[in-house]
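Student: I am new to this structure. Could you walk me through it with a few questions and answers?

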Amino acid sequence: MRHYLLIEGANYNHLNLSRYIKISLICLRDTIKKINASLYENIFIVDNLNDISQLNKYHIEDYKFDFVYSFSEFNQLYAGRISDYYNIPGISEKKIQFLQNKYCVRDILRKNKLSCIDSEIVQNLEEVKRFILKEGFPIIIKPNRGIGGKDIHKITNFTELSKMTIDTNTLVEKFIEGKEYSVESFTFENETSVFTVTEKIKDKNLSEVGHIIPALLDTEIVKKIQFFVSKMNKILGLTNTVNHTEIIISKDGAIELVETHCRMGGDMIGKLMENSFDYNIVDYWGQSIRENKQLTQKPKWNGLYSSIHYVFPEKPGILKEIKIPNDLDSLNISILKNVGDHVVNVGNTNRVLSLIYESPSYSEVSSISKKLNEIEIEVD
Ligand SMILES: Nc1ncnc2c1ncn2[C@@H]1O[C@H](COP(=O)(O)OP(=O)(O)O)[C@@H](O)[C@H]1O
Ligand SMILES: [Mg+2]
């Protein structure tokens with residue numbers, strides 16, 4: 001039986017994988033209290049996930065692991081370092097560093113004609129202005145190695161630009177017009193399988209306010225997406241991983257990448273997949289690994305659209321009160337912040353509450369977010 005070495009983070013995926021292969025875990029001392037230890041063949045406890053010398057005493061090389069992997073973006077560099085140092089198959093540290101560099105990823109796709117938009121690393125406002133004179137408005141300014149929707153700015157004119165401060169390692173890109181989706185896929189031995197496409201719901205600040213699975217798309221577009229993601233993975237040299245790829249589809253059906261990751265989508269996307277399909281993507285990946293081949297059968301959709309919707313405060317401040325009307329009591333609403341917390345109206349970590357909802361009717365799922373407008377969030 002295959003034996004994977006996993007690094008802690010997004011641990012809810014481990015159960016799915018453990019149904020098909022043996023797994024062992026590297027984790028921090030405190031994590032041990034929060035996990036189901038019986039899932040793992042071995043647990044290697046460390047005090048620091050940056051220092052691989054802490055693993056010396058465990059003689060990792062004696063276990064003959066088939067792969068080392070982390071479902072968490074934060075620990076993938078560490079997994080890569082272990083792969084390199086112990087010569088265990090995995091995604092190398094260099095490859096992870098490359099994938100987290102949004103400029104480099106777009107550049108290689110551009111050179112392979114899979115991306116048509118221009119982008120540039122800039123150091124100051126003058127360099128942004130030069131980019132605009134070449135490319136025109138609107139543009140996106142974002143951190144080159146950003147995460148979680150932090151510090152994303154759509155700039156449509158010079159007045160907006162003049163209010164910006166530019167850090168080193170800032171990325172400017174032409175703004176891609178269209179509707180945004182994420183693609184949940186996995187690769188096994190160089191072959192990519194798209195599990196499902198997720199519709200992404202954005203607000204005017206470009207914050208993610210919801211996801212719906214599966215996206216309402218015609219089969220031709222889904223085929224085009226499969227082709228795009230397969231080609232992208234080949235160009236990026238990505239294999240043996242779960243992928244979460246964010247794309248924008250223009251009105252004329254052209255596909256552009258926003259960013260891609262070697263992990264599951266966050267925001268409970270795994271849970272939404274389980275609500276709408278017979279298995280989630282990690283089960284499919286696990287079956288492929290166990291059977292040592294890409295699966296030919298497709299996940300079975302049960303006819304339900306599953307969604308998660310989020311609510312942000314209208315302005316930054318201290319959270320004073322959340323008033324939920326009684327008629328929303330039956331909904332599966334989770335409160336994500338406490339009274340007294342400082343909250344901002346952008347960035348995924350500032351969401352105040354979420355609602356998970358499913359229905360056979362797409363329009364019902366997509367309009368349920370209107371009900372959330374009845375909730376009053378007071379900030380001071
Ligand atoms: N070039 C672009 N054109 C249009 N929208 C973009 C572009 N780059 C980023 N965005 C928007 O900003 C959001 C966050 O950007 P992303 O690169 O995914 O950053 P993060 O890693 O913080 O999620 C995207 O989901 C998308 O809505
Ligand atoms: Mg993103």
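Student: What are the bounds of the domains in the domain assignment of the protein?

Tutor: This is a predicted model, in which local features need pLDDT of at least 70 and side-chain atom pairs count only at pLDDT 80 or more, while totals for chains, interfaces and linings use all residues. Residues are numbered from 1 along each chain as its sequence is written, and chains are lettered from A and ligands numbered from 1 in the order in which they are written. The bounds come from an automatic or database domain assignment, and they give domain 1 (3–99), domain 2 (118–174), domain 3 (179–303) and domain 4 (307–379).

Student: Which element gives the largest share of the side of domain 3 that touches domain 4?

Tutor: Let's start with the contacts: 13 residues of domain 3 meet 16 residues of domain 4, where contact means C-beta atoms, placed from the backbone, within 7 Å. Strand 11 (208–213) and helix 8 (269–276) each supply at least two residues on the domain 3 side; helices (H or I, at least four residues) and strands (E, at least two) are DSSP runs, numbered from the N terminus. The largest share, five residues, comes from strand 11.

Student: Which domains each give at least three residues to the shell around ligand 1?

Tutor: The shell has 19 residues, and the closest are I140, G146, E173, I176 and E259; a residue counts as near if its C-beta atom, placed from the backbone, lies within 6 Å of the molecule or strand in question. Strand 6 (139–143), strand 12 (241–249) and strand 13 (255–261) are the elements that give two or more residues. By domain, at least three residues come from each of domain 2 and domain 3.

Student: How many residues of that shell around ligand 1 are charged?

Tutor: Here Asp, Glu, Lys and Arg count as charged, Ala, Val, Leu, Ile, Met, Phe, Trp, Tyr, Cys and Pro as nonpolar, and the others, Gly among them, as polar. The shell has eight nonpolar and three polar residues, and its charged residues number eight.

Student: In strand 18, which residue is the bridge partner of Y310?

Tutor: Two strands pair if DSSP finds at least two bridges between them. Strand 14 (residues 305–311) and strand 18 (residues 353–359) run antiparallel and are joined by seven bridges. Strand 18 also pairs with strand 16 (residues 332–335), in the antiparallel sense over four bridges, with I333 opposite L355. For Y310, the partner in strand 18 is S354.

Student: Where does P214 lie, given that the peptide bond from I213 to P214 is cis?

Tutor: Most residues other than glycine have a negative phi, and most peptide bonds are trans. The bond from I213 to P214 is cis, with omega near -10 degrees. P214 lies in the loop between strand 11 and helix 7 (219–236).

Student: And what is the radius of gyration of the protein?

Tutor: The protein has eleven helices and 19 strands. The globule rule, 2.2 Å times the number of residues to the power 0.38, is compared with a radius taken over C-alpha atoms. For 380 residues the rule gives 21 Å, and the protein is close to that, so it is as compact as a globular protein of that length, with a radius of gyration of 22 Å.

Technical notes: Contact = placed C-beta atoms within 7 Å.
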